Amino acid sequence: GNGQRANITLPDGSTVALNVASRLDVPADYVVGHHMVRLVGEALFTVAHHDGTLFTVLAGATTVRVLGTSFVVRHYPTDTTATVAVRDGKVAVRTAVLTAGRQADVSQVGGVRVGPADPAQFSFAMGVLTLNAVPFRDAAVVLDRWYNADIRLGALPLGAHKITGEFTAGSLSELTETLELTFNVRVVRDGRVLTLYPK
């Protein structure tokens, strides 16, 4: 759920760091070699290498195939693209083969754009959310999931302001204080709803 992360060890020794508001479906016959999992949300996979055994992640319409590697897959229901970023090893995404430090963004119609991976994409697995020049309107969606909050903009111009910073898992009070002090906004809190206004 929102605000919840999980670390999972699969029967073959592969590990999954599941990000907030994410779901991983593992088949009942995984242990006998059916290594195809379904992901909604975001996860860091560290796949144990077993000769001849292919590990496959389905995320929306995107299929990721690996033999042994460490990589992130992200595809939340609100995302218009699926992102695959490789930390170690190689990953196949459609016709592209990604190596360490590379990522692919896959559109809903199947187009693939390959480029360098941002190392900050892997930070969620260590309990740190990293935002780099993300407009407030987009950052609010991510922060909602991270803190189990409902962040609203009390003034439309705030939506274009860029937010950069690292957020550790914590309370809404800590988030409120961070937003007010760092981003020069006034936050009105009503339960889990945080409404932001310009100061």
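E42 and R74 form a salt bridge in which the closest N and O atoms are 3.9 Å apart. Because E42 lies in strand β4 and R74 in strand β7 (residues 70–75), this pair ties together parts that are 32 residues apart in sequence. The model is a predicted one, and the count of salt bridges in it comes to five.

Salt bridges
- D105 forms a salt bridge with R113, with the closest N and O atoms 3.1 Å apart; D105 counts as buried at 14% relative accessibility, while R113 is exposed at 59%.
- Through salt bridges that share partners, E42, R74 and D79 are joined into one network.
- R23 forms a salt bridge with D25, with the closest N and O atoms 3.3 Å apart, and here R23 is partly exposed at 47% and D25 is partly exposed at 32%.

Strand β5 and its neighbours
- Strand β5 (residues 55–59) is mostly covered, with five of its five residues buried; F55, V57 and A59 point one way from the strand, and T56 and L58 point the other way.
- Strand β4 (residues 36–46) runs parallel to β5 and is joined to it by three bridges, and V37 has V57 as its bridge partner in β5.
- Strand β6 (residues 62–66) runs antiparallel to β5, with five bridges between them, and A59 has T62 as its bridge partner in β6.
- β5 and β6 form a hairpin with two residues between them, and G60 in the turn has a positive phi of about 60°.

How values were computed:
Residues are numbered from 1 along each chain as its sequence is written. This is a predicted model: local features need pLDDT of at least 70, side-chain atom pairs count only at pLDDT 80 or more; totals for chains, interfaces and linings use all residues. Side-chain values use heavy atoms; hydrogens and water are left out. Buried means under 20% relative accessible area, exposed over 50%, partly exposed in between (1.4 Å probe, protein chains only). Helices (H or I, at least four residues) and strands (E, at least two) are DSSP runs, numbered from the N terminus. Two strands pair if DSSP finds at least two bridges between them. A salt bridge is a side-chain nitrogen of Lys or Arg within 4 Å of a carboxyl oxygen of Asp or Glu.
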